[in-house]
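This note sets out several points on the structure shown below. Please read each point with the model in view.

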Amino acid sequence: MPVYTQHAPDPHTWYSLAAQAERSAGVVSSHPAMSSCSRVALVTGANKGVGFAIARALCRLFSGDVVLTARDEARGRAAVQQLQDEGLSPRFHQLDITDLQSIRALRDFLLREYGGLDVLVNNAAIYMENPKVVDTMPFHIKAEVTMNTNFHGTRDVCTELLPLMRPGGRVVNVSSMESLRALKSCSPELQQKFRSETITEEELVGLMKKFVEDTKKGVHQKEGWPSTAYGVTKIGVTVLSRIQARHLSEQRGGDKILLNACCPGWVRTDMAGPNATKSPEEGAETPVYLALLPPDAEGPHGQFVVEKRVEQW
């Protein structure tokens, strides 16, 4: 059966949520004082594939600590050990992005250990539509489970961790070209909504919930949706990134935080299979590029980036 996840409240201001997070973690500090803490980058879903390659690259290139997270603690610690065997020094913290308690435990760890966050790479995701695997799971179940992880889970991580981002921070939401393909397969009405420069987070959440409900009723195609749960969830991630970037510009414009969505490409992983054209290391190049944009960079921001280039949404 699908697992339901509760969702954190929508952020109205980044600073008020950050203060709330600090109080709940027992941290007494102001944001200006945080800047003196050591820098830290965090990668979700990093025990294998592209996430592991991103964590490895950041260990080599990022000036600060790198926290590798994974849902399965044993696999996560094994990944950390592999990087340590290569002479690198990542840290590990368990994270299940569908579990709000797990997300908040990570948030409290970051506040306690670092007082904030400098780089966030949201990579964790699932894919349940491999055409080579025969299964009998109904499409609406796949839609709900995939949505809970890829969209709602990513959104919950952002709701809890974006308030921790320090000035000059970088946020990378790993999406997919499947989001663009799925968008082009949507009805004109849905395309207009997803391309809107003024769509709100609440409206986006409503659309993602409607997709799942429409699949349960067996009317998703009639309602203008494509028959790809993964693609629709990644539409959600890309549009969420555009909304989040807009919020950051409006509420923390002077902090020069840059947030983007990106596609790593078709990568040889458990998700894409052995025939994909890119190695995990090649797939990590664009996410790492965005995570390490120089301090004086003014962009990209709020964009969908492919092969280090902005793709028109």
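**Notes on helix packing and two residues**

1. Helix α6 packs against helix α9 (residues 201–217) at an angle of about 165°, and their axes are 8 Å apart. Axes here are lines fitted to C-alpha atoms, for helices over the stretch in contact, and angles run from 0 to 180 degrees between N-to-C directions. Helices (H or I, at least four residues) and strands (E, at least two) are DSSP runs, numbered from the N terminus.

2. The model is predicted: local features need pLDDT of at least 70, side-chain atom pairs count only at pLDDT 80 or more, and totals for chains, interfaces and linings use all residues. Residues are numbered from 1 along each chain as its sequence is written, and side-chain values use heavy atoms, with hydrogens and water left out.

3. α6 and α9 are therefore roughly antiparallel to each other; angles over 145 degrees count as such, while those under 35 degrees count as roughly parallel. In α6, the residues Phe-139, His-140, Ala-143, Glu-144, Met-147, Phe-151, His-152, Arg-155 and Thr-159 meet, in α9, Glu-201, Leu-204, Val-205, Met-208, Lys-209, Phe-211, Val-212, Thr-215 and Lys-216. Contact means heavy atoms within 4.5 Å. The residues of this contact comprise nine nonpolar, four polar and five charged. Ala, Val, Leu, Ile, Met, Phe, Trp, Tyr, Cys and Pro count as nonpolar, Asp, Glu, Lys and Arg as charged, and the others, Gly among them, as polar.

4. Helix α6 (residues 139–161) also packs with helix α10 (residues 229–252), at an angle of about 20° and with the axes 8 Å apart. That makes α6 roughly parallel to α10. Among the residues forming the contact are Phe-139, Lys-142 and Cys-158 of α6 and Tyr-230, Leu-240 and Gln-244 of α10. The residues of the contact of α6 with α10 divide into 10 nonpolar, five polar and three charged.

5. Where does Thr-44 lie? Thr-44 is in the loop between β1 (40–43) and α3 (49–61). At 1% relative accessibility, Thr-44 counts as buried (under 20% relative accessible area; exposed is over 50% and partly exposed in between, with a 1.4 Å probe and protein chains only). The side chain of Thr-44 reaches the backbone nitrogen of Asn-123 at 2.8 Å. Leaving aside neighbours within four places in sequence, the residues in contact with Thr-44 include Thr-69, Leu-95 and Val-121.

6. Arg-104 belongs to helix α5 (residues 100–113). With a relative accessible area of 31%, Arg-104 is partly exposed. The C-alpha atoms of Arg-104 and Asp-156 are separated by 9.6 Å, although the two residues are 52 residues apart along the chain.

Definitions and conventions. Parallel < 35°, antiparallel > 145°, perpendicular 65-115°, else oblique. Polar contact = N/O pair within 3.5 Å; in protein donor to acceptor, adjacent residues only side chain to side chain.
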